[in-house]
Amino acid sequence: MPPLRLLALLAGLLASSRAGSTPFVGIVGGRKARPLEFPFLASLQSQGRHFCGGALIHTGFVLTAASCFRNLNPGVATVVLGAYDLRRRERPRQTFAIRSISENRYDPQENLNDLLLLQLEGEANLTSNVALLPLPPQNAVVAAGTSCQVAGWGNRRNGGPLSRFPRVVNVTVTPEDQCRPNNLCTGVLTRRGGICQGDGGTPLVCNGLAHGVASFSPNPCGKGPDFFTRVALFREWIDSVLNSPAQGLA
C-alpha cells in the first residue's frame, strides 16, 4: 500500500478519538493464539475471574495498566502466569498475590500515564510457559505503519463473554501527530479488530518489545483507534522500580 494511502487510512481511524474515554477492563477479530505463543502474558484475576491483562517483564514484576485497579483493591487480586485455557486448571500455571504496586502520576480523568508495576509475592519460575517480555529503550519511537501484535483474553465483542483462550490480532501503528504524546495508537485497516473489555493492561508488542500497555479506546470494540501507554517514556522509571523494589502495598 502506498505510504500516503496508509497514512490517510490511519488518520481516518483517529478522527473521532478524544481524551477521557472509558478505559478497557478482549480482542476483537484476529485468531486464537497458539499454546506457548505468548508465554509472557499475565491474567489478572479477582475471585478466580480474569479482569485485565499484563506482561511479565522481570521474574518479580508484571507490567499492566493503572486503570485496571481504579475500582479494585490490589490486595484481593492475583496474578496468573502460564495460563492458556481459562476454564481449566492447568499444571504449568503459577499464581501470585500482589506484594506492592508502583504507578507514575496516573491521571484517570485524562487517561494519562496509565501504567502500573505489580510486584509479585515471590518470583516466577521461567519455563516454556512463563517467559519475560523485553522492554524498549528510553524514548524509543515506533514508526507509523509498523505492524504490531496485541493478545489477550478479553471480550470478542461489546458486552460479550471473555475469551476462553487468548486471541491475537495484528494492528498498525498510526502517525504520531494523529495520537497523543504519551500514547501509541493503533488500528486495523481492512476489518474490525482491536482490544475490548478484559484487555486493559495487555502489552502491545512491536518488533519483539513491549512498546505499549492497553489503556482505552473512544469507540466500540474493534472499530479503533486503540490507545496504548508508551512504555518507552517510562523505561528509566521502570528500571528504578525494578532495582529498588517497594515494600508493602502502596
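I take two strands as paired if DSSP finds at least two bridges between them. The model I'm looking at is predicted.

**Entry 1: strand β12 and its neighbours**

I went to β12 and β13 with that rule in hand. They pair in the antiparallel sense over four bridges, and looking up valine 213 gave me threonine 229 as its bridge partner in β13. For the record, β13 covers residues 226-230.

Then I checked β11, residues 203-206. It also pairs with β12 in the antiparallel sense, over four bridges. Here valine 205 has alanine 210 in β12 as its bridge partner. β11 and β12 make a hairpin with two residues between them, and I noted a positive phi of about 55° at asparagine 207 in the turn.

How many residues of β12 are buried? I got seven of the eight in 209-216, so the strand is largely enclosed by the rest of the structure.

**Entry 2: rings**

I searched the whole structure for aromatic pairs and got four. One of them is phenylalanine 38 with phenylalanine 40, edge-to-face, at 5.9 Å centre to centre and 80° between the planes. Both of these residues, phenylalanine 38 and phenylalanine 40, are buried.

Phenylalanine 216 and phenylalanine 227 are both buried.

I also looked at a charge over a ring. The charged end of lysine 32 sits over the ring of phenylalanine 165, 3.9 Å from its centre.

**Entry 3: salt bridges**

I find five salt bridges in the structure. Among them is arginine 164 with aspartate 85, closest N and O atoms 2.8 Å apart. This pair links distant parts of the chain, 79 residues apart: arginine 164 is in the loop between β8 and β9, aspartate 85 in the loop between β5 and β6.

Is aspartate 85 buried or exposed? Its relative accessible area is 4%, and the cut-off for buried is under 20%, so aspartate 85 is buried. Arginine 164, at 31% relative accessibility, counts as partly exposed.

Glutamate 90 bridges to arginine 93, with the closest N and O atoms 2.9 Å apart. I have arginine 93 down as partly exposed, at 22% relative accessibility. Salt bridges with shared partners also join Arg31, Arg34 and Glu37 into one network. Within it, arginine 31 reaches glutamate 37 with the closest N and O atoms 2.6 Å apart.

How values were computed
Residues numbered from 1 in each chain as written. Predicted model: local features only at pLDDT ≥ 70, side-chain atom pairs only at ≥ 80, totals over all residues. Heavy atoms only, no water. Buried < 20%, exposed > 50% of the residue type's maximum accessible area, 1.4 Å probe, protein only. Phe/Tyr/Trp six-rings, centres within 6.5 Å; stacked < 30°, edge-to-face > 60°. Lys NZ or Arg CZ within 6 Å of the ring centre and 35° of its normal. Salt bridge = Lys/Arg side-chain N within 4 Å of Asp/Glu carboxyl O.
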